[in-house]
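Colleague: I'd like to learn how to read a model like this one, feature by feature. Can you walk me through it?

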Amino acid sequence: MDDVTFAVDAGEVFGIVGESGSGKTTIARTLLRLTRPTGGKISVAGIDPWNGSRAERRRYHQTIQVVFQDPFSSMDPRMRIGSIVVEGLDKGARTGASPSTVGRLLDMVGVPESYARLYPHELSGGQRQRVAIARALAVEPRILVADEPVSALDVSMRGQILNLLMSLQRDLDLTVLFISHDLGLVQQLCNRVAVMHHGKIVETGDPVQLFRNPSDPYTKKLVSSIPMVPTT
């Protein structure tokens, strides 16, 4: 990334779109403290995730959570679903997590409570992604990073998972950073969108207007490469 600047409002669904290698996931990894930035400043809910105190970093990890692209590889195959759901809790809270807590989280994402005893390989891809969402919500975050959350799923499941994410976003008043290469999804789900190219944000704005009247040459090329982008 190079000279990337953007701000996301509380309760907003902010999209980041671009081709593979454009820097979308690097932004997510930097926000999640997985890739250290070489310069610049990050402030999330008033906390600098890379330079804050230990207490601030702990609070930060409760503020922001992630739903990864591949739900299967993001889970320990030796852990039961119930343990995976509460994995993000502090050690004491995790140890003391009751079946009712696990059941409540699974119910939020439409997974039967009885699945808590199963292992990841016993669930379908869509069910695993629902579990991944439940795990992200266990610490009651304010911000959710959704990095290509449906690209590993078959078409029949994508709509269900997206509907679930948007329903949870409204009900829990979540701020969502939605990373995707799918212009149609970004236009449908996001309040604003940033277009990335070669590590830079080349254009930011309302997705409908931006894709209807792009000003940057790369955005124009990106839009023209899609057979049809919905405008309603």
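Colleague: Let's start with Asp2: what does Asp2 count as at 42% relative accessibility?

Modeller: Partly exposed, because that class runs between the buried limit of 20% and the exposed limit of 50%, and Asp2 sits at 42%. Keep in mind that this is a predicted model.

Colleague: And which residue does Asp2 form a salt bridge with?

Modeller: The general idea comes first: side chains of opposite charge can pair when their charged atoms come close. Here Asp2 pairs with Lys200, and the closest N and O atoms are 2.7 Å apart.

Colleague: How many salt bridges does the structure hold?

Modeller: Four. One of them joins the side chains of Arg135 and Glu87, at 3.2 Å from N to O. Arg135 is in helix H6 (residues 125-137) and Glu87 in the loop between helix H3 (81-85) and helix H4 (91-95), so that pair links parts 48 residues apart in sequence. Look at the accessibilities too: Arg135 counts as buried at 12%, whereas Glu87 is partly exposed at 33%.

Colleague: What about Asp76 and Arg78, where do their side chains meet?

Modeller: In a salt bridge, 3.2 Å from N to O. Asp76 counts as partly exposed, with 23% relative accessibility, and Arg78 is exposed, with a relative accessible area of 69%.

Colleague: Now for a charged residue without a partner. How far from Glu148 is the nearest side chain of opposite charge?

Modeller: That side chain is Lys24, 4.5 Å away. A salt bridge needs the nitrogen within 4 Å of a carboxyl oxygen, and Glu148 has none, although Glu148 is buried. You'll find Glu148 in the loop between strand E3 (143-147) and helix H7 (155-172). Skipping residues up to four places away in sequence, Glu148 touches Lys24, Gln69, Ile179, Ser180 and His181.

Colleague: How should I read the nonpolar interior?

Modeller: In soluble globular proteins, nonpolar side chains tend to be buried together. In this model the largest nonpolar core has 50 residues, and the members touching the most other members are Val85, Leu106, Val131, Ile133, Phe178 and Phe211. H7 gives the most to this core, with seven residues. There's also a second, separate core of 19 residues, including Leu31, Ile47, Trp50 and Ile64.

Colleague: Which residues is Phe211 in contact with?

Modeller: Leaving aside neighbours within four places in sequence, Phe211 contacts Val17, Leu183, Val186, Gln187, Val193, Val195 and Val223.

Colleague: And where does Val102 lie?

Modeller: In helix H5 (residues 99-108). Val102 is buried, with a relative accessible area of 8%. Apart from neighbours within four places in sequence, Val102 is in contact with Gly82, Val86 and Ala116. For a sense of distance, the C-alpha atoms of Val102 and Ala152 are 25 Å apart, and the two residues are separated by 50 residues along the chain.

Colleague: Let's zoom out. Why does the radius of gyration agree with a compact globule?

Modeller: Because a compact globule of 232 residues would come out near 17 Å, and the protein chain has 18 Å. The C-alpha trace spans about 55 × 45 × 30 Å along its principal axes. The secondary structure comes to 10 helices and six strands.

Colleague: What share of the residues counts as buried?

Modeller: Of the 232 residues, 46%. The chain exposes about 12000 Å², with carbon and sulfur atoms supplying 48% of that area. As for contacts, take those with a separation of 6 or more: residues 24 or more positions apart account for 67% of them.

Terms used. Residues are numbered from 1 along each chain as its sequence is written. This is a predicted model: local features need pLDDT of at least 70, side-chain atom pairs count only at pLDDT 80 or more; totals for chains, interfaces and linings use all residues. Side-chain values use heavy atoms; hydrogens and water are left out. Helices (H or I, at least four residues) and strands (E, at least two) are DSSP runs, numbered from the N terminus. Buried means under 20% relative accessible area, exposed over 50%, partly exposed in between (1.4 Å probe, protein chains only). Lys and Arg count as positive and Asp and Glu as negative; His and the chain ends are not counted. Contact means heavy atoms within 4.5 Å. A nonpolar core is a set of buried Ala, Val, Leu, Ile, Met, Phe, Trp, Tyr and Cys residues joined through side-chain atoms within 4.5 Å. The radius of gyration is taken over C-alpha atoms; the globule rule is 2.2 Å times the number of residues to the power 0.38. Accessible areas come from the Shrake-Rupley method with a 1.4 Å probe; for residues, only the protein chains shown count as cover.
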